Amino acid sequence: MRIYISSDMEGVAGVTSWDQVDARTPHHEYETYRRYYTQEVTAAIDGARSAGATEILVNDSHGPMRNLLFDELPTDIRVIFGARKPFSMVHGSQGFDGAFFIGYHGGIGDANAVLCHSYTPTLIYELRINDVVCSEATINAALLGHFAVPVLMITGDRTTVEGVQAQMPWVHGVTVKESIGTFSADSMSPAASQLAIRDGAAAATAHHANARPYVMSSPVTMDIQLAKVEQADYVVQIPGFERTGSRSVRFVDNDMPTIFKAFMATLRLGALA
């Protein structure tokens, strides 16, 4: 049983502020929550192993993607570090039996989801694929689905967990905090959240046969509303994109990996505007 873990920080217990997760200009709280983040990932690893997982790969998927305290993880775990990976938060996921999304957050525009955004909040105003409004979890799950890898578990705030389960009812959810708003939450303690994640990972691994890949039908249509007109000016220069409005663009392809790479190109080029 091979398990792939994509891990983020905004959904970690107690997180309610960008300061707590900002690795580029670290606030003193970042080091504390970096440790909690590492401990939640470790809890997921322990739970999966207790239910029979034999190989686990972790993709550090938050911000610059080098946040996990490597020496505090199990000694035989491999981790993908660093940003600008072609498939970003789910790079290297091919061939696994199932995936965990640890510490995930809601999509841009979600009410009552702590620090909600979809990859880049200053650039993405809305993301739809085949007219399905997508959070990071949705588009990541769709790419995993192309590779026949089902999402088995997600952890984070209640809005995030229930949003994913509405799209993928088979996903085991662990709610570590109740969002009060974008910047506040009623949270479990770190120890309690880690225990819940360990138990959830064990249950999700044991019942992996009930899960199925999340697959977008072909052709795949991606519609993006950007935050600014000038971002659309740049993105529409990418071959295959068409402009559908002053701030909106569309990309259509038969292949989900191509759609995902087009989304990554949107983030990179749009950020230059």
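Reader: In which sense do strand β5 (residues 124–129) and β10 pair?
Author: Strands here are DSSP runs of E of at least two residues, and helices are runs of H or I of at least four, numbered from the N terminus. Two strands count as paired if DSSP finds at least two bridges between them. β5 and β10 are joined over five bridges, and their pairing is antiparallel.

Reader: What kind of model is this?
Author: Residues are numbered from 1 along each chain as its sequence is written, and side-chain values use heavy atoms, with hydrogens and water left out. Local features need pLDDT of at least 70 and side-chain atom pairs count only at pLDDT 80 or more, while totals for chains, interfaces and linings use all residues, since the model is predicted.

Reader: Which residue in β12 is the bridge partner of Met-222?
Author: β10 also pairs with strand β12 (residues 248–253), in the antiparallel sense over six bridges. In β12, its bridge partner is Phe-251.

Reader: Which strands stand at the edges of the sheet?
Author: The open sheet has five strands with antiparallel pairing, in the order β6-β5-β10-β12-β11. One side of each edge strand is left without a neighbour in the sheet, because each has a single partner strand; these are β6 (132–133) and β11 (241–243).

Reader: How many of the seven residues of strand β10 are buried?
Author: Buried means under 20% relative accessible area, exposed over 50%, and partly exposed in between (1.4 Å probe, protein chains only). Strand β10 (residues 220–226) is largely enclosed by the rest of the structure, because the buried residues among its seven number five.

Reader: Is Arg-34 buried or exposed?
Author: Arg-34 forms a salt bridge (a side-chain nitrogen of Lys or Arg within 4 Å of a carboxyl oxygen of Asp or Glu) with Glu-31, the closest N and O atoms being 3.4 Å apart. The two residues are three apart in helix α1, about one helical turn. Glu-31 is partly exposed at 42% relative accessibility. With a relative accessible area of 18%, Arg-34 is buried.
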